Structure formats: structure tokens, C-alpha cells
Amino acid sequence: ITDGAKTDRQSDLEFTVVEEADLPEELKTLIEEKKKEPMKLTYSNSEYLYIVAGYGEQRSGGYSISVDELYLTENAIYIKTTLIGPGADEKVTQAATWPYVVVKTELREEPVVFEN
């Protein structure tokens, strides 16, 4: 007995982490509007599917985000990311930041499920 589509992993999806400078303008605008709160969104154009995971406002710099998994099941795409805080001895800016990551993968029709 399986517990649904999550266990029916078909394949890992290849992806690229996209720098802000390389984002489509419309997606940049969308991120700018939503970055102060945690966000999970998708955007597609005629070539690619972009998946955005943002962690809202943090009180300092030094944060990064790892993409732990991106895989396909029979009826969904699953993504798992982790927010990584600054190291104890790391010198960081003491200003608010809004860490997010954008991954680009092949254009697909399946819905995206964000895992914590």
C-alpha cells in the first residue's frame, strides 16, 4: 500500500539555479512584490518552468538556500528547499534581507508541491 503520489517518485528533474540578473522581467517584478513574506510560486514562459521558494524577511544577511530535491511523480513536481542561516562567526550585514531561490527546469504541466 502506498500513501499517494509522493511515494511514486519517477525521476529527478534537472534544474539550474537562476541568478536575479537572468530572470524574466515579469518574474523579477512578481518576486519584488512578494519577497517580504514567505513565498512559494511558479512561473513559466514558452521554454521553461521557474520555481521560486522565498523565506520572507530575515534580520540580517548571510542566509543561503539549498535545493535538496526536485523530482517528478505521476501527477506532480516536488521541490524541497532548506534555509541555511549564517554561521556563528560569520560577519553579516545587520540589515533586513529577503532570501529566495529560483530554479529553472524543463517546461512541464504538472502542479508543483513545495515540501518543508
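Threonine 105 touches Leu13, Glu14, Phe15, Tyr48, Leu49 and Leu70, leaving out residues up to four places away in sequence. This is a predicted model, so please read every contact below as computed from that prediction. Threonine 105 sits in strand β7, and its side chain comes to 2.7 Å from the backbone oxygen of glutamate 14.

**Around threonine 105**

- Is threonine 105 buried or exposed? Its relative accessibility is 3%, and because buried means under 20%, threonine 105 counts as buried.
- One of its contacts, Leu70, has a list of its own: with neighbours within four places in sequence set aside, leucine 70 is in contact with Asp12, Leu13, Phe15, Ile51, Ile77, Tyr78, Ile79 and Thr105.

**The nonpolar cores**

- The largest nonpolar core has 13 residues, and the members that touch the most others are Ile51, Leu70, Ile77, Ile79 and Val112.
- Two or more residues of this core come from each of β4, β5, β6 and β7.
- The biggest share comes from β5, which gives four residues.
- There is also a second, separate core of 10 residues, with Leu23, Leu41, Tyr43 and Val102 among them.

**The sheet with β7**

- Four strands make an open, antiparallel sheet in the order β2-β7-β4-β3.
- At the edges stand β2 (16-17) and β3, each with a single partner strand, so one side of each has no neighbour in the sheet.
- Seven bridges join β3 to strand β4 (residues 48-55) in the antiparallel sense, and the two strands form a hairpin with three residues between them.
- If you want to trace the pairing by eye, look for proline 38, whose bridge partner in β4 is tyrosine 55, and for lysine 40, which stands opposite alanine 53 in β4.
- Helix α1 (residues 25-34) lies across β3, β4 and β7 (100-106), and runs at about 165° to β3.

**The other sheet**

- Another four strands form an open sheet, in the order β1-β5-β6-β8, with mixed pairing.
- Its edge strands are β1 (11-12) and β8 (112-115), each of which pairs on one side only.
- Strand β5 (residues 64-72) and strand β6 (residues 77-84) pair in the antiparallel sense over eight bridges.
- For a landmark in this pairing, find valine 67, whose bridge partner in β6 is threonine 81.

**The protein as a whole**

- The protein has one helix and eight strands, and from the N terminus on they run β-β-α-β-β-β-β-β-β.
- Along the principal axes, the C-alpha atoms fill a box of roughly 50 × 35 × 20 Å.
- Of the 116 residues in the protein, 34% are buried.
- Among contacts with a separation of 6 or more, 69% are between residues 24 or more positions apart.
- The accessible surface comes to about 7,400 Å², and 44% of that surface belongs to carbon and sulfur atoms.

Terms used
Residues are numbered from 1 along each chain as its sequence is written. This is a predicted model: local features need pLDDT of at least 70, side-chain atom pairs count only at pLDDT 80 or more; totals for chains, interfaces and linings use all residues. Side-chain values use heavy atoms; hydrogens and water are left out. Two strands pair if DSSP finds at least two bridges between them. Contact means heavy atoms within 4.5 Å. Axes are lines fitted to C-alpha atoms, for helices over the stretch in contact, and angles run from 0 to 180 degrees between N-to-C directions. Buried means under 20% relative accessible area, exposed over 50%, partly exposed in between (1.4 Å probe, protein chains only). A polar contact is a pair of N or O atoms within 3.5 Å; within protein, one must be able to donate a hydrogen and the other to accept it, and residues adjacent in sequence count only if both atoms are side-chain atoms. A nonpolar core is a set of buried Ala, Val, Leu, Ile, Met, Phe, Trp, Tyr and Cys residues joined through side-chain atoms within 4.5 Å. Accessible areas come from the Shrake-Rupley method with a 1.4 Å probe; for residues, only the protein chains shown count as cover.
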